[in-house]
Amino acid sequence: MGRPKKKIQKREKVFNKISNAIDYLQTGWMNLFKVSFCIGLVLYTLYLALIWMPTVERIVFEIRYY
């Protein structure tokens, strides 16, 4: 017969989850930033294409020489 399973208190489980999340942020913050930036860029592009562009009457590009 094996040893009985060690009981871990709920408080320790919460602290372990928080500690793991902090460790992940410390090691993988750059990847998290890249993914968040790319998702934001895609969402902004979709906003421009689907919501803003149809409401604009016209866009005029001008080059002014002084």
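In which helix is the place of Lys 10? In this predicted model, Lys 10 is placed in helix H1, which covers residues 10–55. Along the principal axes, the C-alpha atoms of the chain fill a box of roughly 85 × 30 × 20 Å.

Of the 66 residues in the chain, 2% are buried. The accessible surface of the chain amounts to about 7400 Å², and carbon and sulfur atoms account for 65% of this surface. Within helix H1, Met 30 has a relative accessibility of 39% and therefore counts as partly exposed, since the partly exposed class lies between the 20% limit for buried residues and the 50% limit for exposed ones. Lys 10, by contrast, has a relative accessibility of 68% and is classed as exposed, the cut-off for that class being over 50%. Gln 9 is located in the segment before H1; with a relative accessible area of 54%, Gln 9 is likewise exposed.

Distances along the chain were computed for two pairs of residues. Met 30 and Gly 40 are ten residues apart along the chain, and their C-alpha atoms are separated by 15 Å. For Gln 9 and Asn 20, which are eleven residues apart along the chain, the C-alpha separation is 17 Å. The latter pair starts from the segment before H1, where Gln 9 lies, whereas Met 30 of the former pair lies in helix H1.

The charged side chains were then considered. The chain carries 11 positive and 4 negative side chains, and a distance of 21 Å lies between the centres of the two sets. Lys 5, Lys 7, Lys 10, Lys 13 and Lys 17 together form a positive surface patch. One member of this patch, Lys 10, is the exposed residue described above, at 68% relative accessibility.

One salt bridge is found in a search of the whole structure. Its partners are the side chains of Glu 62 and Arg 64, with an N to O distance of 3.2 Å; this value falls within the 4 Å limit that defines such a contact. Glu 62 counts as exposed because its relative accessibility is 53%, and Arg 64 is also exposed, with a relative accessible area of 59%.

Technical notes. Residues are numbered from 1 along each chain as its sequence is written. This is a predicted model: local features need pLDDT of at least 70, side-chain atom pairs count only at pLDDT 80 or more; totals for chains, interfaces and linings use all residues. Side-chain values use heavy atoms; hydrogens and water are left out. Buried means under 20% relative accessible area, exposed over 50%, partly exposed in between (1.4 Å probe, protein chains only). Accessible areas come from the Shrake-Rupley method with a 1.4 Å probe; for residues, only the protein chains shown count as cover. Lys and Arg count as positive and Asp and Glu as negative; His and the chain ends are not counted. The place of a charge is taken as NZ of Lys, CZ of Arg, CG of Asp or CD of Glu. Patches are made of residues with over 30% relative accessible area and no salt bridge: like charges are joined within 9 Å, nonpolar side chains (Val, Leu, Ile, Met, Phe, Trp, Tyr) within 5 Å. Helices (H or I, at least four residues) and strands (E, at least two) are DSSP runs, numbered from the N terminus.
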